[in-house]
Amino acid sequence: MVNIGNDWDTVIGGEFKKDYYLKLREFLKSEYSRETVYPDMYSIFNALKMTPYSSVKAVILGQDPYHEPGQAHGLCFSVQDGTPLPPSLRNIYKEMETDLGIKPSKSGCLTSWAEQGVLLLNTVLTVRRGAANSHAGKGWEILTDEIIKRLNEKQEPVVFILWGRNARSKKAFITNPIHGIIESAHPSPLSAFNGFFGSRPFSRTNQFLAVNGIPPINWTVN
């Protein structure tokens, strides 16, 4: 059984006993035994482990993990230290420099964001090497939809940062008026010029938090 190790166990622990997750678990057992799958099985739930439910003040939604070696480690858009920055992350850093004047980091590891309450959640938490979306439709979406619904129930304001069509489709679950929603095109090279660049998500997030008396995020990546 899955053990997150913090309050997420109480919030979503019942999901891991449901039929859809048990079927997903059998699929994952087969995939990890026969294929190269990212992230490693011990890092699948890193987003939840690093950002407890009670600590979440912002959510960035990704699609599925990076699918090349040395990249995915359980946080959306983040890569392990020493790994070249993927194009989407380079564009995130470009927008952050325009928005806040923060120079792009050589590191793509975003754990400092997670530790400050930014839940870096993919809608699908695993992927087969070299095959984007290969684990879509297997049950992960049901779990991550439930996570978003539970976040919507929080009594403390949360900023939901939705980049791209996949993430924006989850807007239907964010109905609590105390929360903030910042949405734009995806930061990938294919769509960044269609509304991601210039959307100023980082300063807007901090402005929302400040208005609600919540400490801002230090977006600097060391």
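Student: What makes the space of about 50 Å³ the largest cavity here?

Tutor: The largest cavity has a volume of about 50 Å³, where a volume is the space filled by probe spheres set on grid points joined across faces, edges and corners. A cavity is a set of points, on a 1 Å grid over the protein atoms alone, where a 1.4 Å probe fits but cannot get out. By this rule the count comes to 1 cavity of 30 Å³ or more. Bear in mind that this is a predicted model, with local features needing pLDDT of at least 70, side-chain atom pairs counting only at pLDDT 80 or more, and totals for chains, interfaces and linings using all residues. Residues are numbered from 1 along each chain as its sequence is written, and side-chain values use heavy atoms, leaving out hydrogens and water.

Student: Which residues line the largest cavity?

Tutor: Among them are P39, I44, G74 and N122; lining residues have an atom within 4 Å of a point. By class, the lining has 7 nonpolar, 2 polar and no charged residues.

Student: How many disulfides does the structure hold?

Tutor: It holds 0. C76 is in no disulfide, with the nearest cysteine sulfur, that of C109, 13 Å away.

Student: Why does C76 count as buried?

Tutor: Buried means under 20% relative accessible area (exposed is over 50%, partly exposed in between; 1.4 Å probe, protein chains only). C76 sits at 0%, so it counts as buried. C109, at 14%, therefore counts as buried too.

Definitions and conventions. A disulfide is a pair of cysteine sulfur atoms within 2.5 Å. On a 1 Å grid over the protein atoms alone, a cavity is a set of points where a 1.4 Å probe fits but cannot get out, and a pocket is an open set with protein on both sides within 12 Å along at least five of seven lines; lining residues have an atom within 4 Å of a point. Ala, Val, Leu, Ile, Met, Phe, Trp, Tyr, Cys and Pro count as nonpolar, Asp, Glu, Lys and Arg as charged, and the others, Gly among them, as polar.
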